[in-house]
Amino acid sequence: MKLVWSPETASKAYIDTVKSCEIFRDSGVAELISAMAAGWNAKFIVETWSHGGPITTSIGLAVASRHTCGRHVCIVPDERSSTEYVEALSEAGVSADEVIVAGDAAEEVMEDLVGVDFLVVDGLRKDFARVLRVAKISQRGAVLVCKNASAKNAAGFRWRSAVEEGGCGSRRLVRSVFLPVGDGLDIAHVGAGSGGSSSPVMGDRRRWIKHVDRQSGEEYVIRK
């Protein structure tokens, strides 16, 4: 199986997120991410959040999980963040299924969460790239989102190195896009598989050629 897009579910989550976020007077990013999570029928949604950060994206993810009947987990660094997160979501009339206080061990916690098909990390956190690399994504594939992608911490970040080169079980990067929404959204769609990668299967005589763009530094794998 693989992720299949449902515009109807995406639309419902978008509208419900608009309503839930009215009290915060903040819109744009939350509605978009909520629509994506619901539209892709995400069954296991994971996010990272910390004290003082915008809560609207978290509200949108909670709304999306309600529409997909999925599981929604938030990883926070400390008890203060956990309390603030739970209270803010409650004020909006939603809740996460689970809030995990990870301290400085976000990577270790992430490794224990198996089958993630929608993951949102914060580019303001220094460990965001490492969290992405250790994610154990669903066999259906996954959508990975880095919010605040315009931050200095996210400068020079490349999805290919985070996904195909040892990260996320070396899955195939289907496509990625940067959207100038909010403080920047960097989004990647990772293909379905059983830990499959960019390598040819046994008996396949076609070759895989790696090309590096000297100007951008991006690597491209071409099958011939």
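This is a predicted model: local features need pLDDT of at least 70, side-chain atom pairs count only at pLDDT 80 or more; totals for chains, interfaces and linings use all residues.
The secondary structure of the protein comprises 7 helices and 11 strands. Among the contacts with a separation of 6 or more, 69% are accounted for by residues 24 or more positions apart.

The packing of helix 1 against helix 2 was examined next. Two packed helices are described by the distance between their axes together with the angle between those axes. The axis of helix 1 comes within 7 Å of the axis of helix 2, which spans residues 29-39, and the two cross at roughly 150°; the crossing is right-handed. On the side of helix 1, the contact is made by Thr-9, Ala-10, Ala-13, Tyr-14, Thr-17 and Val-18, while helix 2 contributes Ala-30, Glu-31, Leu-32, Ser-34, Ala-35, Ala-38 and Gly-39.

Val-18, which lies in helix 1 (residues 7-20), takes part in this helix contact and also in a nonpolar surface patch of about 250 Å², which it makes together with Tyr-14 and Ile-15. Tyr-14 is likewise named both in the patch and in the contact with helix 2. Val-18 counts as partly exposed because its relative accessibility is 32%, a value that falls between the limits of 20% for buried and 50% for exposed residues.

Glu-47 is found in strand 1, which covers residues 44-48, and it counts as buried because its relative accessibility is 0%, the cut-off for burial being under 20%. When residues up to four places away in sequence are not counted, Glu-47 touches Ser-58, Leu-61, His-72, Val-73, Cys-74, Ile-75, Tyr-85 and Val-120. Glu-47 is also 5.7 Å from Leu-119, C-alpha to C-alpha, although the two are 72 residues apart in sequence.

Ser-65 belongs to helix 3, formed by residues 56-68, and is buried, with a relative accessible area of 7%. Apart from residues up to four places away in sequence, Ser-65 touches Ile-45, Gly-70 and His-72.

Conventions: Residues are numbered from 1 along each chain as its sequence is written. Side-chain values use heavy atoms; hydrogens and water are left out. Patches are made of residues with over 30% relative accessible area and no salt bridge: like charges are joined within 9 Å, nonpolar side chains (Val, Leu, Ile, Met, Phe, Trp, Tyr) within 5 Å. Accessible areas come from the Shrake-Rupley method with a 1.4 Å probe; for residues, only the protein chains shown count as cover. A salt bridge is a side-chain nitrogen of Lys or Arg within 4 Å of a carboxyl oxygen of Asp or Glu. Helices (H or I, at least four residues) and strands (E, at least two) are DSSP runs, numbered from the N terminus. Buried means under 20% relative accessible area, exposed over 50%, partly exposed in between (1.4 Å probe, protein chains only). Axes are lines fitted to C-alpha atoms, for helices over the stretch in contact, and angles run from 0 to 180 degrees between N-to-C directions. A crossing is left-handed if the near helix is turned anticlockwise from the far one by less than a right angle, and right-handed if clockwise. Contact means heavy atoms within 4.5 Å.
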